[in-house]
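Open the model in your viewer and colour it by chain. The tour below goes from one selection to the next and says what is there.

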Amino acid sequence: MTETATPGAGTDETFVPSLATRGLTKSFGGVRAIDGADVTFHKGRINALIGPNGSGKTTFFNCVTGMIKPDAGTVTLEGRDITAKPPHRIAAAGIGRSFQLCRIFPRLTVLENMLVGVRSPSVLHRLAGSRNDADIEKARELLRRVGIDHLEQSEARDISYGQQKLLELAGVLMVDPETIMLDEPAGGVNPALIGRIGTLVRELNAEGRTFVIVEHNMDMVMSLSDHVVVFDRGRPIAEGPPSVVQHDPRVLEAYLGV
Amino acid sequence: MRSASDTTSRSTFDRVLLGARVVALAVVAVLVLTFPSTASDPFILSVGVVIASYAALAVSWNFVGGFTGYISLGHAAYSGLGGYATALFITRADLDPWVALFVGALVVAVLAVPIGIASLRVRGASFVIVSIALVLILLLVAQSWASLTGGAQGLRVPRPFGEDVLRPEQHERFFFIHVAFISVALLLWWAIDRSRFGMGLKAIREDEDKAQALGVPTGAYKLTVFVISAFMTATAGGLYALWFGYLDPIFQFSILIGSYMVLMSLLGGIRSLFGPVLGAVVVGYSLEFFKVHYGDSQFHLVALGLLLALVVLFMPDGVLPAIGSLVERFRPDKRTSIREMTAEELLEHNERVETARAGDAPPRERDLATVPSNQEER
Amino acid sequence: MSGSLLLQTLILGILLGGLYALLAAGLTLYFGVMRVVMIAHSAFLILAAYLAWFFHRETGLDPLLSLVVTVPLFFGVGYLMQRGLISRLRPATLTMMSVLLTFAIALTIEGLLGFFFSGTQRRINLGYSGSSIEILGAHIAVVKLIAFGLAAAALIGLFVLLKVTRFGQALRATIQHPEAARLLGINTDRIAGFGFGLGLATAAIGGTALALDSTIYPSLHWHWIGPLMAIIVVGGLGSIPGAAIAALLLGVGQSLLQIPMGTTWAQTVFYVALFATLLVRPQGFFGGRLAQRF
């Protein structure tokens, strides 16, 4: 159901697939969290993954990013198979992710949090000092971009939750990800910050980065995304531009149980 | 940003701090190097060697504990193995004692690879359980395999220095050897601490899943530092074997010794360079003190238990970091969080934000909880 | 191996497994309510054994009667320990720090036991210590049967408590989902304390059972904590039935291996099982949905 957008579904008939899954399945005990999910995200666009609670979105996320091994199915990135690869290989493949309950390194400083993501091409590089000017400058640039550069020396556990969210986002950017997956970026933050994050996402998307965002905040999803996938009971039930998906009866049924 | 005077006063503080650290280090170095000459009798000297041995073990343990946060209570497995390996390479393979020490430690490091692969698959308390299980099983094996280890009878280790070298002289030599080992170990710890490898390890300690998601190859990193730690611990164990001259399974594969390593590092400061050394000096001295004054009674266990409990409950970060934060309180003009901005500074800051927004630069909203923002247009 | 020897070994293994099962159940309780790995569990076990021995030595009465005192005492101590010490630990590093804290408690207990009772090995000698019953050619010591009976009774009691009573229900709810339990009005802090007390109570019973038949000394607890830890990992952390199954299997395994390999080597069966579990299925084999992984 997800090879290409169905005719009349909207403006994005032509797209380049970036992240895609085929028949992805994962069960926990007797519960099928993901049930043969076929999903294709569009490269260079802002993709959103929505669905009622318990529809399997976060499990889907974790399977794609290597945190959980799927029982069956494949995950590909522009055709390259990345199924069940360990998370650090997924990161090396150019996929960065954030976590649902914002995760940062509590006892490291904000700057150190950033330096973790520096990519190392060789063993020698790993043995070299972590505080070299190039890396620090890059980190500072990203911190400036999200607006928390003045907190550089603070321990990450001492800054506010909103600031931690921004730190997490900046940290993900350190790995130069071509594809960025955000798990509920608007969760638990005030409207001003939601707006700020939305702007950042748009800016980064304009630079060519693909986004896959799991989100409950419908305003954000509808205004931000180009392509929406709706999950229910472990599989996608509708797909397309926000305006179309919004009115799809299957989506309404999934959310309202109507 | 910061005014010129802020920058100057800040670096003055830093310079003073650096100076104080250098002086302290110099003083400690002098004290350590002159210790053998100032020791009043050979017994004191031997206590010094014991404490130095504890310090060597604690520093070696801290490669895993401090960097990755994985607490190994059974690390005596590696010092025990190092001791026996050294002894056996001397007695069975006729190797020169110092070569035997090195080769023994190398063998233990190789063994640590499969052990590490198995143990590091689990985290947290499971890892602790596994480490305990390891040392307990080695204890069983060492006690039972009498033909190899001498079983409960123990194993004699030939002295590396000739018979004509007197005891006090032996103590002094081993004291300096231990100090040299500790210095090398600390240097290695420092090098790892400032490297990207170390950065990755610390990320693992703080949030292993997150570190993975950022591209840190956690499995390889953990195993590497684990093997390094095993090598160092085995060397420390081998040094002890060479000095003490006698190995007994119960003391070599002792959970108690393992707990000393943990306590010393925790007490001194598990994430600091000199923490384990400080902890070793404090705890080691106390242990010897109790043994002298309370002899065979198990009272030192009670003291150890209570001390560990107190450290865990009230000072889990250790002494050195506590001193560190105390010193930081005196730092002038700290600008660590928005909470400390005065009203004037806040106004100043808002103005800067407005001017930036007027230009092409993207708006930089510092702290959206306090700075009035204009709602972003969707 | 002769049939009767095999039968005897099997039965002994089951009897031993029963005792392991009770102790492992206690250990699981601490983990279930608070994610705490209670290394001091076996130290309390030995403490209870010493108290039973002391009671017998001072009063001449059957050591089993000491249960009247030790069970409520240990329950109280467990409750206080959880409320007063464990709950003080920071949630972020709770599991790790609780290991160290309970380790410290174990050391303290061992030290105190050595201090008060000295390191001399102790043994209880009762009228029925030497007698044994014959079942189909197998000679089973009466004390072992009593120990098993005690352990089995305690396990059944525990089972009934957990499944039938309202307290047990609250305890299970707290173990499975503390937040939901709180929303239902359950005082999870107090329940956690009771869970701890219950765990220590099982140590009291197990220790008394142990005292009937074993030689005890202060550092004996190290011989027990290893196997018990292995059992709960193999069984699946957080699952009492899983721990019981693993306990029985490993108890029988240990018993059977004693014949060809001797007592010391037979103990390695626990550690081999532990490492095998970690390599193959780190979340344990018998825990099912309840099993956790660190």
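This is a predicted model: local features need pLDDT of at least 70, side-chain atom pairs count only at pLDDT 80 or more; totals for chains, interfaces and linings use all residues.

B:Gln143 sits in helix α5 of chain B. Show the residues around B:Gln143: leaving aside those up to four places away in sequence, it touches B:Gly151, B:Ala152, B:Pro249 and B:Ile250. Then pick the C-alpha atoms of B:Gln143 and B:Gly154; they lie 9.0 Å apart, with a sequence separation of 11 residues.

**Chain B as a whole**

Of its 378 residues, 53% count as buried. Look also at how chain B folds back on itself: of the contacts between residues at least 6 apart in sequence, 78% join residues at least 24 apart.

**From chain B to chain C**

Stay on α5(B) and bring chain C into view. The contact between these two chains involves 41 residues of chain B and 39 residues of chain C. Together chain B and chain C bury about 3,700 Å², and 83% of that is on carbon and sulfur atoms. Which elements of chain B give two or more residues to the side that touches chain C? Select α5 (124–144), α12 (255–268) and α14 (299–314) of chain B to see them. The largest share, 14 residues, comes from α5(B). Coloured by class, the side of chain B that touches chain C shows 30 nonpolar, eight polar and three charged residues.

Now look for polar links across this interface. Between chain B and chain C there are zero salt bridges. The count of residue pairs in polar contact, with both residues at pLDDT 80 or more, is one.

**From chain B to chain A**

Two pairs of chains touch, and the pair A and B has the most contacts. About 4,000 Å² is buried between chain B and chain A, 54% of it on carbon and sulfur atoms. On the chain B side, select B:Arg196, B:Met199 and B:Leu214: these lose the most area to chain A, together 20% of what that side buries.

How many salt bridges are there between chain B and chain A? The count is five. One to display is the pair A:Arg103 and B:Asp207, whose side chains meet at 2.8 Å, N to O. Across the interface of chain B and chain A there are also 12 residue pairs in polar contact, both residues at pLDDT 80 or more.

Select the strands of chain A. Four of them form an open sheet with antiparallel pairing, in the order β2-β1-β4-β5. At the edges stand β2 (31–42) and β5 (80–81) of chain A; each has a single partner strand, so one side of each is without a neighbour in the sheet. Zoom in on β4 (residues 72–77) of chain A, which is joined to β5(A) by two bridges and runs antiparallel to it. In this pairing A:Thr76 stands opposite A:Asp81.

**The hairpin in chain C**

Finish in chain C with β1 (residues 132–135) and β2(C), an antiparallel pair joined by four bridges. C:Ile135 stands opposite C:Ala138 in β2(C). Two residues lie between the strands of this hairpin, where C:Leu136 takes a positive phi near 50 degrees.

Last, show the side chains of β2 (residues 138–141) of chain C. Which residues are on the covered face, and which on the uncovered one? C:Ala138 and C:Ile140 make up the covered face, while C:His139 and C:Ala141 make up the uncovered one. In a regular strand, side chains alternate between the two faces of the sheet.

Key: Residues are numbered from 1 along each chain as its sequence is written. Chains are lettered from A and ligands numbered from 1 in the order in which they are written. Side-chain values use heavy atoms; hydrogens and water are left out. Buried area is the accessible area (1.4 Å probe) that two parts lose on being put together, summed over both. A salt bridge is a side-chain nitrogen of Lys or Arg within 4 Å of a carboxyl oxygen of Asp or Glu. A polar contact is a pair of N or O atoms within 3.5 Å; within protein, one must be able to donate a hydrogen and the other to accept it, and residues adjacent in sequence count only if both atoms are side-chain atoms. Contact means heavy atoms within 4.5 Å. Ala, Val, Leu, Ile, Met, Phe, Trp, Tyr, Cys and Pro count as nonpolar, Asp, Glu, Lys and Arg as charged, and the others, Gly among them, as polar. Buried means under 20% relative accessible area, exposed over 50%, partly exposed in between (1.4 Å probe, protein chains only). Two strands pair if DSSP finds at least two bridges between them.
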